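This report describes selected features of one protein model. Please consult the sequence and coordinates alongside the text.

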Amino acid sequence: MRDPDGLIARAGVRGDPDRDQHFLVDDRVLDRLPTYLEEIGADASHLLEIGGGTGALTDRLLAVGDEVTVVERDRELAAFLREEFADEIAADELTVIEGDALEVDLPDFTASVSNLPYGVSSEIAFRLFPEKEPLVLMFQQEFAERMVAEPGTSEYGRLSVSSQHYADVELVESIPKEAFDPQPAVRSAVVRAIPREPDYTVADEDFFLRFVKAVFTQRRKTVRNAVRNTAHISGLGDPDAVVEAADEDLLRKRPDAMAPAEFAALASLARDVGEPET
């Protein structure tokens, strides 16, 4: 495998924390990341990496995948990847896409392993989740803990419900700051997401996710008050009708005590009787 420090030296760059550039340089962590896919028998025929940097993880993915596509928004780094991995590109094993992962057309892929830019990690994750492919993604530790949190815990919130709507999510490894160059201000963590259908149904996924977002803006209120107070976010035309039709025990709860299935049932009710915007 290529040496991470050697790649940085050949690229002639330094990471820029202001641009979310923290290069993963710990060989042990880099070597472990693809194994989180191997453990679940994921299809590695086309791996997607968001944020290729200087290619240390790209190199590991090429060793286990038939084809790799890497998206890199930094022009200089994208050019370096094309030079460093010219042979792999010529062999049709690697494709480098220069651009913002939130804007470019992503290829069909079978799994993604990525060290995400922290500033847009949420937006990128929720672009990948609907693709329903296995994901191994690195986030800030606090963000990762909120993704996997269970109802009734202080970390449980909109991010937990939304993530667990798409997949079984598991925090598989915490990463110390020293594994990066330059070091970030906080620890990081790796989350593995295995796609699956939820154990409930929603007729309108966009409304469900918007409703969850709205209610959690008032997480310390009862569900009754949260539904009434956030109609401007959820788009409900008649929140009182939802409150009148909902189960009283549920209305007494706070949002952080509601399981995803309870949110789905309440969102379905709200869609049916609350006159949401279309």
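The sections below treat a sheet, a helix pair and a cavity in turn.

## Basis of the report

The structure discussed here is a predicted model. Residue numbers count from 1 along each chain as its sequence is written.

## The seven-stranded sheet

Seven strands form an open sheet in the order S4-S3-S2-S5-S6-S9-S7, and their pairing is mixed. From one strand to the next, the twist averages 20°. In general, the strands of a sheet pair through backbone hydrogen bonds, in either a parallel or an antiparallel manner.

One of the pairings links S2 (residues 47–50) with S5 (residues 111–115): these two strands run parallel and are joined by two bridges. Within this pairing, Leu 47 is placed opposite Ala 111 of S5. Helix H7 (residues 121–128) packs on the sheet, where it touches S2, S5 and strand S6 (135–140). The direction of H7 makes about 165° with that of S6.

## The contact of H10 with H15

Helix H10 spans residues 205–216 and helix H15 spans residues 260–273; their axes come within 9 Å and cross at roughly 105°. H10 is therefore roughly perpendicular to H15, since angles of 65 to 115 degrees are counted in that class.

On the H10 side, the contact involves Phe 207, Phe 208, Phe 211, Val 212, Val 215 and Phe 216. These residues meet Pro 260, Phe 263, Ala 264, Leu 266, Ala 267, Ala 270 and Arg 271 of H15. By residue class, the contact comprises twelve nonpolar residues, no polar residues and one charged residue.

## The cavity

How many cavities of 30 Å³ or more does a search of the whole structure find? The search finds one. The largest cavity has a volume of about 40 Å³.

The lining of the largest cavity consists of Val 202, Ala 203, Asp 204, Phe 207, Phe 208, Ala 267, Ser 268 and Arg 271. H10 and H15 each contribute at least two residues to this lining, and H15 provides the largest share, with three residues. Five of the lining residues are nonpolar, one is polar and two are charged. Phe 207, Phe 208, Ala 267 and Arg 271 are among the lining residues and also take part in the contact of H10 with H15.

Key. This is a predicted model: local features need pLDDT of at least 70, side-chain atom pairs count only at pLDDT 80 or more; totals for chains, interfaces and linings use all residues. Side-chain values use heavy atoms; hydrogens and water are left out. Axes are lines fitted to C-alpha atoms, for helices over the stretch in contact, and angles run from 0 to 180 degrees between N-to-C directions. Helices (H or I, at least four residues) and strands (E, at least two) are DSSP runs, numbered from the N terminus. Angles under 35 degrees count as roughly parallel, over 145 as roughly antiparallel, 65 to 115 as roughly perpendicular and the rest as oblique. Contact means heavy atoms within 4.5 Å. Ala, Val, Leu, Ile, Met, Phe, Trp, Tyr, Cys and Pro count as nonpolar, Asp, Glu, Lys and Arg as charged, and the others, Gly among them, as polar. On a 1 Å grid over the protein atoms alone, a cavity is a set of points where a 1.4 Å probe fits but cannot get out, and a pocket is an open set with protein on both sides within 12 Å along at least five of seven lines; lining residues have an atom within 4 Å of a point. Grid points are joined across faces, edges and corners, and a volume is the space filled by probe spheres set on the points. Two strands pair if DSSP finds at least two bridges between them.
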